[in-house]
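Have the sequence and the model open, and follow along with me entry by entry.

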Amino acid sequence: MNNMVLYFTRSGNSKRIAEKVAKKIRCGTVEITDDKSWKGIFGFMRGGYYSLKQKVTRVSLEGDYDVSKADNIILVLPLWAGSTAPAGYSFLLNEKGKIKKLHMVICNDSSDTKKAFKKLELLVGKINNKYRITKKLGNEDSVINEICGNITDGGNTVQIGNED
Ligand SMILES: Cc1cc2nc3c(=O)[nH]c(=O)nc-3n(C[C@H](O)[C@H](O)[C@H](O)COP(=O)(O)O)c2cc1C
């Protein structure tokens, strides 16, 4: 199995989660970046605005990674104002058709993620497995175990980590 963990991060949480998953399933990570600055209070406000309006950004993948090489792509993205960060949906709009199997993790502070997944699937099509890692729920390590178990078992179930 050829697996790869991709992530976008503004403040480091998605990177930490991506690295934990990659270590457990023994694969690499690829950082997704885009052409906007999201730093500071203005970056925060711009981020909320871009996400709400679903404004697309120009995305780059570390090492120009080719997503079609992997059997499983694990994608970790932060939630920004009810959507994933713009780099996330912009990446999927470009690359979703090349991804064989997509396991997606939304990382956030407290909100529900069901609507965000629904909105994203309307935009980019079906996501095979869906998970949330939410600071308020303290579910990071249990959901990481669940993701890694599903990948190593080749599981086909749709999971939303600790959604209840
Ligand atoms: C612009 C912006 C909007 C956000 N909106 C939400 C939100 O609606 N709900 C939520 O639970 N967290 C929200 N967050 C918090 C992030 O999803 C959370 O801190 C996440 O862990 C950040 O991931 P990162 O460290 O990989 O950037 C928002 C953060 C930013 C920067």
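**Entry: Ile99.** I began with Ile99, which I found in the loop between helix 3 and strand 6. This is a predicted model, so what I note here was computed from predicted coordinates. Is Ile99 buried or exposed? I counted 20 other C-beta atoms within 10 Å, and 20 or more is the cut-off, so Ile99 is buried. I then looked for its contacts beyond four places in sequence and found Val67 and Ile73. I also checked Asp66: it is 33 residues from Ile99 in sequence, yet the two C-alpha atoms are 9.5 Å apart in space.

**Entry: helix 3.** Next I stepped back to helix 3, residues 86-95. Eight of its ten residues are buried, so this helix is largely enclosed by the rest of the structure. I listed the buried ones as Pro86, Ala87, Gly88, Tyr89, Ser90, Phe91, Leu92 and Glu95. What covers them? I noted strand 2 (28-34), helix 2 (40-53), strand 3 (59-61), strand 4 (72-80), strand 5 (83-84) and helix 4 (114-124) among the covering elements.

**Entry: helix 4.** After the helix comes Gly125, and I wrote down its positive phi, near 100 degrees.

**Entry: the nonpolar core.** Which residues have the most contacts inside the largest nonpolar core? I got Val5, Val21, Ile73, Leu75, Val76, Val105 and Ile147, in a core of 42 residues. Among the elements that each supply at least two residues are strand 1 (3-7), helix 1, strand 7 and helix 5 (140-153). Strand 4 gives the most, with seven residues. Setting aside residues up to four places away in sequence, Val76 touches Val5, Tyr7, Ser14, Ile17, Ala18, Val105 and Cys107.

**Entry: around the ligand.** Ser14 turned up again when I turned to the ligand. There are 19 residues around it, and those that come nearest are Ser11, Asn13, Ser14, Gly47 and Pro78. I sorted the shell by class and got six nonpolar, eleven polar and two charged residues. Which elements each supply at least two of the shell residues? I found helix 1 (13-25), helix 2, strand 4 and strand 6 (102-108).

**Entry: the whole chain.** I left the overview for last. The protein chain has five helices and seven strands, and along the sequence I read the pattern β-α-β-α-β-β-β-α-β-α-β-α. Its radius of gyration is 14 Å, close to the 15 Å that the globule rule gives for 164 residues, so the chain is as compact as a globular protein of that length. The C-alpha atoms fill a box of roughly 45 × 35 × 30 Å along the principal axes. I noted that 40% of the 164 residues count as buried. Taking contacts between residues at least 6 apart in sequence, I found that 76% join residues at least 24 apart.

Conventions: Residues numbered from 1 in each chain as written. Predicted model: local features only at pLDDT ≥ 70, side-chain atom pairs only at ≥ 80, totals over all residues. Buried ≥ 20, exposed ≤ 12 C-beta atoms within 10 Å, placed from the backbone. Helix = DSSP H or I, 4+ residues; strand = E, 2+ residues; numbered from the N terminus. Contact = placed C-beta atoms within 7 Å. Near = placed C-beta within 6 Å. Nonpolar A, V, L, I, M, F, W, Y, C, P; charged D, E, K, R; others polar. Rg over C-alpha atoms; globule rule 2.2 N^0.38 Å. Core = buried A, V, L, I, M, F, W, Y, C linked by C-beta atoms within 7 Å.
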